[in-house]
Amino acid sequence: MNTQNQSNTRLLLPEFEYVKPKTKTEALQLLDQYRDKDTRILAGGTDLITKMKTGALSASRLIHVRDIKELSGARQIDSALHIGAVTTLADLERLPEVKSVYSALYEALRSMAAPAVRNMATIGGNLCNGSPAADTAPALMVLGTVCTLSSLTGERRMKLSEFFVAPGRTALLPGEMLTELAVEGVRPGSGSCFLKIGRVSADIAKVNIAVYLERDGDRITDCRLAAGSVGPTPLLLDSVASLLKGSRISQQMLSEAGRMVEDAISPITDARSTQEYRKAISCILAEEAIKAAWVRSGGEVPR
Amino acid sequence: MMEGYAIELTVNGRRVCAEVRADETLLEFLRTQLRIIDAKLGCGKGDCGTCTVLLDGRPVKSCIVLAASADGKDVKTLSGMQEEPLIKALQESFVTHGAVQCGFCTPGMILTAASYLREHENPSRDDIRRALSGNLCRCTGYKKIVDATEAVAKRNT
C-alpha cells in the first residue's frame, strides 16, 4: 500500500489493465482466458473501485461488464422475475412489480446507500462481493431466488442461499460469472418484509432481516426467514421458519420465533456492532418483520 | 507499461475524444484533461458526493467511475446546466437561504437536488434529506440546504 493511500488525502488507483467486452460470450471468453491471473469483474464499481482505491483489494485486470445489454434489465418469464446481473439497484427500485409484489426486495434496495450510488451499483455486484451484510441477499433469499452462473462451458443454477460460501467468497468458480437471478412469483395471500439496523440511514447493516410468508386464515402456511451481518454469510433461518410453518399467529408465537433467532445466528463483534447487540436486536427485528409481512399478507395484527 | 484507452463521449453537450489511463477516474479526467472543475475531489471514495455528475442523465459519484467506462456516454456537470431554470432556481434559493458557506459541496448538492426534484413532486423535508444523504456538507449543518431545496420544491408544484 502506498503512503498516499494511507494518508487518505488523495486516493489513487493502482495500475491495471481494463477490458470491455461487448457481449456476454466475449466476457466469458475473457474470463476463461484470464482465469489464472488476478482478474476481476467490474460492474457498478461502487465496492470494487473503492476497495482498490483504499488498498483493501488489488487486481491486475478489470473486465467491465456493466454495459453488456443482455445482462441488464428484468423480464417476467412465467411466474418468475428474471433479473440480469448488471441491472442497477436504481433500475430495480423503479420497476413497478418490485415495489408492488416484492416488498422485501424493494425495502432492501431503498435502505441501501445514497441515490447516486444506487444509480451505479448492480444487483450482481452486491451479491458477488460475498458480503455477509449485503442487503439484497436476505430479501432475495426469502423470495426464493435461483441464480445462474455462466461459463464458456455452460450454465449452472443454484439457490441463492447456496451461492454464499464464506465472507467474501461465493460459489463462483474460476471462469464463471453470475449472469441472472430468477425470483419466484409470490402467492396470493402472501407478504414479505425487510428490516435493517444501521448506524445511520443508508449505512451498511449491523443486522438485516427478511421474511416471506403465506397465510391461510390465521395460520402461516409457508414461511422463509433470512438474516445478514449475523454470520459468515447471509443465513437462511430454517429452524425459525419451521416453527412458524403451520402455526397460528399470536404474540406468544412471535416472541418464541424471536428467541429462536438468537440460536440460529452466530454474529461477531466488529467495527459496526457487538455480538451482544446483534443478538438482541435480531430477535426484535425478526418479530417486527414477521408481524409486518403477516399484516401485508392480509392478516390482522396479532395479539 | 501504461496503455492509453481512447474514449469518445459527450461532456456538457460537447463531443470529446480523449485518451485516458485505465486507472484514471472520470473526476480526474474532467478536472485535469478538460479543466471542468465544478465537480470536486472530496473523499475520493464515493462517500461525500462533491464529485457528483450526471452520467446518462443520472447522478453518479465520478471519483469512483473509471473514465474509460464513460466511453460513449453523456456526462453533464453543473457548469453545463447553468441555463436550466431548475438549476437557476436552486442556485438563487441557496443564496437567499444562506445555504452556501465554503461552497465546496454546493455544485454536487445542487446537481443532486435538481435530479431529485425533476422526478419527485411535492417531497417532504424528510424526502429531501434522504435524497441529499449522499452529499456531505461540513459547514451548514444541512438545515439551510434543506430549506433552500424545499423552497424550490414548493414553488415548482
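1. A quick definition to start: a residue counts as buried if 20 or more other C-beta atoms lie within 10 Å of its own, exposed if 12 or fewer, and partly exposed in between, with C-beta atoms placed from the backbone.

2. Some housekeeping. This is a predicted model, in which local features need pLDDT of at least 70 and side-chain atom pairs count only at pLDDT 80 or more, while totals for chains, interfaces and linings use all residues. Residues are numbered from 1 along each chain as its sequence is written, and chains are lettered from A and ligands numbered from 1 in the order in which they are written.

3. Back to Asp56(B): its place is the loop between β3 and β4 of chain B. (Helices are DSSP runs of H or I with at least four residues, strands are runs of E with at least two, and both are numbered from the N terminus.) Phi of Asp56(B) is near 50 degrees, positive although the residue is not glycine. Most residues other than glycine have a negative phi. Arg35(B) is another one to look at, with phi near 60 degrees, also a positive value in a non-glycine residue. Arg35(B) sits in the loop between α1 (26-33) and β3 of chain B, and counts as exposed because it has 7 C-beta neighbours inside 10 Å.

4. Now the sheet in chain B. Five strands make an open sheet with mixed pairing, in the order β2-β1-β5-β3-β4; two strands pair if DSSP finds at least two bridges between them. The edges are β2 (14-21) and β4 (58-61) of chain B, each with a single partner strand, so each has one side without a neighbour in the sheet. On average, neighbouring strands are turned by 40 degrees against each other, direction ignored. Strands β3 (residues 52-55) and β4 of chain B run antiparallel and are joined by four bridges; Val53(B) has Val60(B) as its bridge partner in β4(B).

5. What lies across β3 and β4 of chain B? That is helix α3 (residues 106-119) of chain B, running at about 40 degrees to β3(B). Axes here are lines fitted to C-alpha atoms, for helices over the stretch in contact, and angles run from 0 to 180 degrees between N-to-C directions.

6. On to the interface: 23 residues of chain B are in contact with 25 residues of chain A, where contact means C-beta atoms, placed from the backbone, within 7 Å. On the chain B side, β4 and α4 (125-131) each supply at least two residues, and the largest share, four residues, comes from β4(B). By class, that side has ten nonpolar, eight polar and five charged residues. (Nonpolar covers Ala, Val, Leu, Ile, Met, Phe, Trp, Tyr, Cys and Pro; charged covers Asp, Glu, Lys and Arg; the others, Gly among them, are polar.)

7. In chain A, the axes of α11 (residues 251-264) and α12 (residues 275-296) come within 8 Å and cross at roughly 140 degrees. The pair is therefore oblique, given that angles under 35 degrees count as roughly parallel, over 145 as roughly antiparallel, 65 to 115 as roughly perpendicular and the rest as oblique. Residues in this contact include Leu254(A) and Val261(A) of α11(A), and Ile284(A) and Ile290(A) of α12(A). The contact residues divide into seven nonpolar, three polar and five charged.

8. Last, Arg61(A), found in strand β3 (residues 61-64) of chain A. Arg61(A) counts as partly exposed, with 16 C-beta neighbours inside 10 Å. Leaving out residues up to four places away in sequence, Arg61(A) touches several others, among them Phe16(A), Glu17(A) and Asp38(A).

Notes:
Contact = placed C-beta atoms within 7 Å.
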